Structures are given as structure tokens and as C-alpha cells.
Amino acid sequence: MEATDVQFMRRALELAARGLGRTSPNPAVGAVIVRDGRVVGEGYHQRAGTPHAEIHALRAAAEAARGGTLYVTLEPCCHFGRTPPCTEAIIAAGINRVVAAMPDPNPGVAGKGFDILRQAGIKVEIGLLAEEARRLNEAFAKFISRGLPWVTLKMALTLDGKIATRTGASRWITGPTSRTRVHELRDKHDAILVGIGTVLKDDPLLTTRLPGGRGRDAVRIILDSRLRLPLTARVINLDSVAPTVVATTEAAPASARQQLLDRGVEVLTLPAEAGRVAWQPLLAELARRNITSVLVEGGAEVNASALAAGVVDKIIAFIAPKIFGGTVAPGPVGGQGVTLPGEAWQLDNLTVEPCGEDVMLSAYLRKEGESHVYRPG
């Protein structure tokens, strides 16, 4: 691989990232076509059911694609879905070299697209910036290989590990740069999830508010096992194209369920576990709805239950250079906690980056015995 190959693949990854949160249940893919050292076409997958990245790039390049190199972040598809196979279009366009970052993570498809291209006489090279490509589509990879959405747990805390003061005050722990990053995370996820405790305490909007009015609202999911959600809550009175789904249990009063239904709120009744909405049935139902990624912005008890259920894939923590102190001031994870240090939840692939005056930590939950294709490393 030459330095220019890396340059063009980085551009393809930049394009692919534009589709995050918008292509589910499809992956986010970017493509760049280069001929004689010059970009002649580029594109990205914009929405499920619309042309794939390769098709946008081929259309932009037109006849200039013949004899060129296609840089693509994911193996081109070779099957009919809502759109025709990209492999056929690549062959017909006269591309003579394909550089792909990674194979399709679908076990039933992986490698078949490359085989078809090779059989047509096209040179295929795989693995350039593969780690970046895997991270970009980690949610899709889990969804397609395991049938479950990717779960990211987001928390904001002080240097001494507090998410609120002893009186419960929590606005604002982090600075404006971190808050903007949170809205960027919302923009890239299919769903945002909180518990009823957060709604009762903060009455959040759970929308995406980026500078210039940018951003897309994700599906809002409220865990509320006894349906205590007030009919005045902003999350159900907000004029937004994204729906609000209240996940509850059979223990919820029928009258409260009907009141929410009368207001046009979807109430999803699921099995209970220790009196709470069970995580696995919830995530299976979200996957059935083609929700591939969930951003958990819950309080200490929701965070603890998600960790205890083993459903968290990634943690993103914004740490502010502040100290609240206080033995009763809450931390980000409630519940019983572990008994011994050796029982702690372990994190891998830790990255640290400045975020304004704060620090953003990102890491993956270690899950013993698992070696999924979506797991970085």
C-alpha cells in the first residue's frame, strides 16, 4: 500500500461517518474512485433503501471510473436486497482495482463479494485502515452477527466520581464542549435510553441540539416498570419526528397505560427481572425494529442494571475537573456493586482525549469468552 492509498481510504471513512445514525439497519459506508491519482467520484450510503456508497461514487465518476481504483470502507454487497448488488455495477463500470478496509461482518456473506470481483479480473486488496473501519461499524457488526443492538453507556462525572451533589444537583457537571459531544453521540445513535428516575428528576428533552439547528432526534426509550411517567413530561409532549417508547412491565397500572396510549405514546410491555424491565427482551425487541445502536444516558441504577445484565458494549465517560465530595453524593453506578476488586467490570482499548476543559474516556467492556468480529483489538 502507498501513502496515497491511506489518504484516499481516510477520505472514504470520512464520507462513511456522515451516514452514522441514518442508514440502519445497513452499515455506514463511504467510497472514493481514483484514476491517474485524481479523485473522479465519491459518495456514501445515506439511508437504508437508497443507493449504496459505491453507486453514488460510480455515478459521480461516470466514464472516468473505467480503469480506476475504488476505495471502499466495507466489502461491496453481492446480493439483491432493496437495491441491486454493488459488485455488478463495479464490474460494469470497468474498475480494475478495489481497496477495501474490511470484509462484510455478516458470516453468511463475508468474502463472497470479493470472490465475485476477483473472478471478474479485478484486483482486490483488503485490510487498509481496518481498525478504523471496524470501529465505525461496530454497531452494525454486532447487529448483523448477533441480532442485538450495540449499547453504549454514557456518563458525566466529577474527578471524584460524582454525578450529582449531595442535594441531587447535577447541572452542569461538564463544560459546553462535552455537552456538544453528547449531542453528536445522540445524532449517531438510533435510540436514547433513560430510566424514569432521570425523567422525574430532570424532565429532559432527549433531543439532538447541535449548532446551526443540525442533528437528528433518535427514538427515545423510557424504562418505567410501574408507569410513573407524568403526562406533562417534555419527552412525550415534544413536537419531534422521533417517537417516544415507554418500556414497562405487567406490574404497571392499566389506567396509567391507557392514559399514555390516549396521548399517542407507545407503551411496550416486557418481562420483568427483579421488578425492572428485563434488558434482553427489550434489546431483542429494539433489534426487531431495526434499531442497531442504543445510547444509555440513565442514572446510577439504570447504569448498574445494564452492567449487571451484561448488555453494555462500550462506555464513554466525560470527566470534569471538579470535586463535589460528600459520602452521600451519588456515583455513576448504583446497585449492590461488587464484593471484591477481582469481580470488577474490566475495560479494554481505553482511549483518552481532551474535551474542552474536560477529559473524555472511551473503552470497551471486556466479555470473557467472546471474540466477535465487531470487538476492536
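**From chain fold to His-183**

Among contacts in the chain between residues at least 6 apart in sequence, 71% join residues at least 24 apart; contact means heavy atoms within 4.5 Å. This is a predicted model: local features need pLDDT of at least 70, side-chain atom pairs count only at pLDDT 80 or more, and totals for chains, interfaces and linings use all residues. Residues are numbered from 1 along each chain as its sequence is written, and side-chain values use heavy atoms, with hydrogens and water left out.

Start with the overall form. The chain has twelve helices and 16 strands. These are DSSP runs (helices H or I, at least four residues; strands E, at least two), numbered from the N terminus. The C-alpha trace spans about 65 × 45 × 45 Å along its principal axes.

Next, burial. Of the 377 residues, 51% count as buried, meaning under 20% relative accessible area (1.4 Å probe, protein chains only).

Now zoom in on one residue. His-183 sits in helix α7, residues 176–188. Its relative accessibility is 11%, so His-183 counts as buried. Which residues does His-183 touch, leaving aside its neighbours within four places in sequence? They are Thr-207, Thr-208, Arg-209 and Leu-210. A polar atom of the His-183 side chain lies 3.4 Å from the backbone oxygen of Thr-207.

How values were computed. Buried < 20%, exposed > 50% of the residue type's maximum accessible area, 1.4 Å probe, protein only. Polar contact = N/O pair within 3.5 Å; in protein donor to acceptor, adjacent residues only side chain to side chain.
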